[in-house]
Amino acid sequence: MKKALLVIDMQNVCVGENHAAFFKYHNADLIQSVNGVIDANKDNIVIYIKNIMKKNLLNKFAPFHAYEGTKDAELVNNLQIVSENIFIKYEGNAFSNPALNEFLKKSGIKCVEVVGVDGGGCVALTALGAAKEGYKVIINENAIGTMFAKKRNKYFKKLKDAGAEFI
């Protein structure tokens, strides 16, 4: 079964050296874990997802900013970049960008493994989006940063009910 690895929001704003104070992950450990999963997927398609904020009044008051073209929106420096497959999203679920699903379908992908940040937000929402689109979903808990444990537990229960595999 053809598989793709989705690396979610591993950007400077979230896990970089000068990350926004809002985000509290064990950055070095998380980046190392994600890089290990990238290494393990060298025979699969690796896709990087970047969360970009629109410049609007609402986002102006957000506790962090990741606007297109800024250093904060860039993928973190010590993340292994093994492909040019980068997709942008403006909301939690990466499948809100139809180009991602089109790319996966065109590539014959049947299964997606999901890593990155946050287990109680974008990672879980993207995994749920993948399940809804009919993909087999693998949640690699060893390479997911989570600040919102309560939400993660709720979403992970939905993912288990949807048949997602947890490793």
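Which side chain meets that of Glu-165 in a salt bridge? Select Lys-136: its N to O distance to Glu-165 is 2.6 Å. A salt bridge here is a side-chain nitrogen of Lys or Arg within 4 Å of a carboxyl oxygen of Asp or Glu. Glu-165 sits in strand E6 (residues 165-166) and Lys-136 in strand E5 (residues 136-145), 29 residues apart; strands (E, at least two residues) and helices (H or I, at least four) are DSSP runs, numbered from the N terminus.

The model is predicted: local features need pLDDT of at least 70 and side-chain atom pairs 80 or more, while totals for chains, interfaces and linings use all residues. Residues are numbered from 1 along each chain as its sequence is written, and side-chain values use heavy atoms, leaving out hydrogens and water.

Next, select Lys-89 and Asp-9, a salt bridge with its closest N and O atoms 3.1 Å apart. Lys-89 lies in strand E3 (residues 86-89) and Asp-9 in the loop between strand E1 (3-8) and H1, 80 residues apart. Lys-89 is buried at 1% relative accessibility, and Asp-9 is buried at 3%. Buried means under 20% relative accessible area, exposed over 50%, and partly exposed in between (1.4 Å probe, protein chains only).

Move to helix H6 (residues 149-161), where Asp-161 and Lys-157 are 4 residues apart, about one helical turn. Their side chains form a salt bridge (3.1 Å, N to O). Asp-161 is exposed, with a relative accessible area of 60%, and so is Lys-157, with 52%.

The count comes to 4 salt bridges, including the pairs Glu-165 with Lys-136, Lys-89 with Asp-9 and Asp-161 with Lys-157.
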